[in-house]
Amino acid sequence: MKKSKMKIYIAGKITGLPIEVAFDAFEKAEKYLASEGYEPVNPMKLPHLHGRTWNEYMIECLEALKQCDAIYMMPGYVNSVGACVEHEVARTMRLKVIYAR
């Protein structure tokens, strides 16, 4: 059974990974969520101004998260400070939280 078109933010480790590895992992999650009927929001594809600080990226990501109905926690998210922040914000906002298996 397909889910209704719920906008879902993808959260996972980015910092410290080679950009190709992070991009591929988020792309895979995006395709999976789209196939399940969600409208995924991939932070790797947000129109960031590059060369900014971690805090500035996080502010942009949290702004995108605020527009979503749910958050998808990728495997290993606990090893990412940013993903843990996004998880806590989503829980505080009472968004649906989906954990990858």
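The entries that follow take the cysteines before the helix.

**Basis.** I worked from a predicted model, in which local features need pLDDT of at least 70, side-chain atom pairs count only at pLDDT 80 or more, and totals for chains, interfaces and linings use all residues. Residues are numbered from 1 along each chain as its sequence is written, and side-chain values use heavy atoms, with hydrogens and water left out.

**Cysteines.** I searched for disulfides (a pair of cysteine sulfur atoms within 2.5 Å) and found zero. For Cys61, the nearest cysteine sulfur belongs to Cys68, 11 Å away. I noted Cys61 as buried, at 8% relative accessibility; buried means under 20% relative accessible area, exposed over 50%, and partly exposed in between (1.4 Å probe, protein chains only). Cys84 is likewise in no disulfide, the nearest cysteine sulfur being that of Cys61 at 14 Å. Cys84 is partly exposed, with a relative accessible area of 32%.

**Helix 1.** I took helices (H or I, at least four residues) and strands (E, at least two) as DSSP runs, numbered from the N terminus. I recorded Ala22, Phe26, Glu27, Ala29, Glu30 and Leu33 as buried in helix 1. Their directions from the helix axis to the C-beta atoms fall within an arc of 165°, so the buried residues line one face of the helix. Strand 1 (7-11), strand 2 (39-41) and strand 3 (70-73) are among what covers them, with contact meaning heavy atoms within 4.5 Å. On the face turned away from the buried side I found the exposed residues Glu20, Asp24, Lys28 and Lys31. After helix 1 comes Gly37, with a positive phi near 95°.
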